[in-house]
Amino acid sequence: MLIRLPLSFTWPKAVLAFVLATVLVSLGACSEPKPAFKGVDITGADYAKELNLKDQNGQTRVLKDFAGKLVVVFFGYTQCPDVCPTTMQELAEVKRLLGSDGDKLQAVFVTVDPERDTTELLKAYVENFDPSFVALRPMPDQLPALAKEFKIYFKRAEGKTPTSYTMDHSAGSYTFDTQGKVRLFNRYGMGAQALADDFKLLLK
């Protein structure tokens with residue numbers, strides 16, 4: 001039986017609140033929950049979109065070359081005393097922790113010290129951590145635009161001699177999903193297990 005309410009009928013506030021709460025709960029149940037990443041979720045960022053640099057073998061590489069893999073891009077230099085080797089070692093450990101999915105991880109090391117980091121030195125450096133790791137060497141005049149695109153910091157700190165300088169630089173890294181879209185900013189020192197947990201979520 002259809003009940004017709006007068007035009008002047010007003011729903012009680014308690015009933016309206018209940019109906020609204022029910023609708024909101026229903027809408028929430030229909031939406032996909034966001035993954036609980038340990039890194040910083042930057043999905044949809046309008047920066048860190050592309051790389052176009054030569055690798056340790058002299059081959060020009062772009063992100064689409066690694067389609068189907070998770071790509072971790074880290075900026076550093078081979079004479080870095082602690083941050084760089086720690087990060088590279090963690091990524092090598094992450095590959096192990098991923099087990100059968102380890103081959104789906106591609107580490108990319110971008111030097112901020114191309115004057116000293118020759119292609120031969122970069123090749124020996126990254127492959128010491130894992131033979132599959134890639135090193136990219138921008139030209140000095142490419143670094144400012146690259147730093148702006150990836151929102152990273154680098155600065156030369158002079159030493160006692162012209163060649164004994166160090167490079168201050170950002171310590172975090174970026175993770176791109178298997179479609180080449182930037183998804184995470186990984187803080188330095190997260191640890192291999194935290195990184196592996198995030199990468200497993202991205203591979204689902």
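Strand E10 (residues 182-186) is mostly covered, with four of its five residues buried, buried meaning under 20% relative accessible area, exposed over 50% and partly exposed in between (1.4 Å probe, protein chains only). Strands here are DSSP runs of E with at least two residues, and helices are runs of H or I with at least four, numbered from the N terminus. The model is predicted: local features need pLDDT of at least 70 and side-chain atom pairs count only at pLDDT 80 or more, whereas totals for chains, interfaces and linings use all residues. Residues are numbered from 1 along each chain as its sequence is written, and side-chain values use heavy atoms, with hydrogens and water left out.

E10 pairs with strand E9 (residues 173-176) in the antiparallel sense over four bridges; two strands pair if DSSP finds at least two bridges between them. Phe 176 has Val 182 in E10 as its bridge partner. The hairpin of E9 and E10 has five residues between the strands, and Gly 180 in this hairpin takes a positive phi near 85 degrees. E10 is also paired with E1, in the antiparallel sense over two bridges, and Val 40 stands opposite Phe 185 in E10.

## The open sheet

Six strands make up an open sheet of mixed pairing, in the order E1-E10-E9-E4-E5-E6. Strands E1 (40-41) and E6 (134-136) stand at the edges; each has a single partner strand, so one side of each is left without a neighbour in the sheet. E6 pairs with strand E5 (residues 105-111) in the parallel sense over three bridges, and Leu 136 in E6 is the bridge partner of Val 110.

Helix H2 (residues 83-97) packs on the sheet, where H2 touches strand E4 (70-76) and E5, and the direction of H2 makes about 165 degrees with that of E5. Such angles run from 0 to 180 degrees between N-to-C directions, the axes being lines fitted to C-alpha atoms, for helices over the stretch in contact.

## Helices H2 and H5

The axes of H2 and helix H5 (residues 192-203) come within 9 Å and cross at roughly 55 degrees. That makes H2 oblique to H5, since angles under 35 degrees count as roughly parallel, over 145 as roughly antiparallel, 65 to 115 as roughly perpendicular and the rest as oblique. On the H2 side the contact involves Glu 90, Glu 93, Val 94 and Leu 97, and on the H5 side Ala 192, Gln 193, Leu 195, Ala 196, Phe 199 and Lys 200; contact means heavy atoms within 4.5 Å.

## Nonpolar core

The largest nonpolar core holds 56 residues, of which Leu 51, Val 73, Val 108, Phe 109, Phe 150, Tyr 174 and Phe 176 touch the most other members. A nonpolar core is a set of buried Ala, Val, Leu, Ile, Met, Phe, Trp, Tyr and Cys residues joined through side-chain atoms within 4.5 Å. Not counting residues up to four places away in sequence, Val 108 touches Leu 51, Phe 66, Val 71, Val 72, Val 73, Phe 74, Val 134 and Leu 136.

## Lys 69

Lys 69 lies in the loop between strand E3 (60-62) and E4 and is partly exposed, with a relative accessible area of 29%. Leaving aside neighbours within four places in sequence, Lys 69 is in contact with Asp 103, Lys 104, Gln 106, Phe 176, Asp 177 and Thr 178. The C-alpha atoms of Lys 69 and Leu 203 are separated by 8.8 Å, although these residues are 134 residues apart along the chain.
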